[in-house]
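This briefing is meant for a reader who meets the structure for the first time. Please look through the sequence and the model before going on to the points that follow.

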Amino acid sequence: MPSDVTSQLSFFDKFATHAARFVSRAWFFAACLLLVLIWAPSILVIQNVDTWQLIINTATTIVTFLLVALLQNTQTRNDQSTQDKLNALAEAVAVLMTHTAEIHDRRGLHDAVTELRDAVGLEDRESS
């Protein structure tokens, strides 16, 4: 539940959040494009096609590998945050439904409340 969620982020989580903001900007894409545009004519200086290709392959592989790790951390935290919000909404609806069922004495609502409450936290009990 959201009341169980701490607002404290670890150093890595803060770093991943800042990195995600940094690389999602248009100028970061422009800088990557500029790097490729600078690399392309460098064949004239390097003159060895294998070395020339190895330079761009190594650079892009390293950047991709690190960004995937950072962005996955950010995405996982975002997914968990969304799930916590959905669980809080489901619990609030369950309380409202329970109150309504008690006032109007409707058995169907009691069953729906039980099913809804069983669904809260289901993502933690099921493997994906």
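This is a predicted model: local features need pLDDT of at least 70, side-chain atom pairs count only at pLDDT 80 or more; totals for chains, interfaces and linings use all residues.

Is S42 buried or exposed? With a relative accessible area of 18%, S42 is buried, because buried means under 20% relative accessible area.

**Helix α1**

- Helix α1 covers residues 11–23, and its 13 residues should span 18 Å at 1.5 Å a residue, which agrees with the 18 Å between its end C-alpha atoms.
- The buried residues of α1 are D13, A16, T17, A19, A20 and V23, and they lie on the same side of the helix because they cover an arc of only 165° around its axis.
- An α-helix has 3.6 residues a turn, so residues three or four places apart point the same way.
- The exposed residues F11 and H18 are carried by the face of α1 that is turned away from its buried side.

**Contacts around D13**

- D13 counts as buried, because its relative accessibility is 16% and the cut-off for buried is under 20%.
- The structure holds 2 salt bridges, and in one of them the side chains of R77 and D13 meet at 3.5 Å, N to O.
- R77 is partly exposed, with a relative accessible area of 24%.
- The side chain of D13 also takes part in a polar contact of 3.0 Å with the side chain of N73, a residue of helix α4, which runs over residues 49–104.
- N73 counts as buried at 17% relative accessibility.

**Helices α4 and α5**

- In another salt bridge, the side chains of E91 and R117 meet at 3.1 Å, N to O, and this pair links distant parts of the chain, with E91 in helix α4 and R117 in helix α5 (residues 107–119), 26 residues apart.
- Both partners are partly exposed: E91 has a relative accessible area of 24%, while R117 has one of 35%.
- Helix α5 has 13 residues and reaches 19 Å from its first C-alpha to its last, close to the 18 Å expected at 1.5 Å a residue.
- Just after α5, G121 takes a positive phi of about 85°.
- A90, which lies in helix α4, counts as buried at 15% relative accessibility; although A90 and V120 are 30 residues apart in sequence, their C-alpha atoms are 6.8 Å apart in space.
- A101 is also found in helix α4 and counts as buried at 0% relative accessibility.
- From C-alpha to C-alpha, A101 and D111 are 9.8 Å apart in space, and they are 10 residues apart in sequence.

**Loops on either side of α3**

- S42 lies in the loop between α2 and α3, where α3 covers residues 43–46, and the side chain of S42 reaches the backbone oxygen of W39 at 2.4 Å.
- Q47 is found in the loop between α3 and α4, and at 66% relative accessibility it counts as exposed.
- The phi of Q47 is near 65°, a positive value in a residue other than glycine.
- Most residues other than glycine have a negative phi.

- Which residues make the nonpolar surface patch of about 540 Å²? The patch is made by F29, L33, L34, L37 and I38.
- L37, one of the residues in this patch, has its place in helix α2, which covers residues 26–39.
- L37 counts as exposed because its relative accessibility is 54%, and the cut-off for exposed is over 50%.

Note on methods
Residues are numbered from 1 along each chain as its sequence is written. Side-chain values use heavy atoms; hydrogens and water are left out. Patches are made of residues with over 30% relative accessible area and no salt bridge: like charges are joined within 9 Å, nonpolar side chains (Val, Leu, Ile, Met, Phe, Trp, Tyr) within 5 Å. Accessible areas come from the Shrake-Rupley method with a 1.4 Å probe; for residues, only the protein chains shown count as cover. A salt bridge is a side-chain nitrogen of Lys or Arg within 4 Å of a carboxyl oxygen of Asp or Glu. Helices (H or I, at least four residues) and strands (E, at least two) are DSSP runs, numbered from the N terminus. Buried means under 20% relative accessible area, exposed over 50%, partly exposed in between (1.4 Å probe, protein chains only). A polar contact is a pair of N or O atoms within 3.5 Å; within protein, one must be able to donate a hydrogen and the other to accept it, and residues adjacent in sequence count only if both atoms are side-chain atoms. The expected span of a helix is 1.5 Å times one less than its number of residues. The arc is that of the directions from the helix axis to the C-beta atoms.
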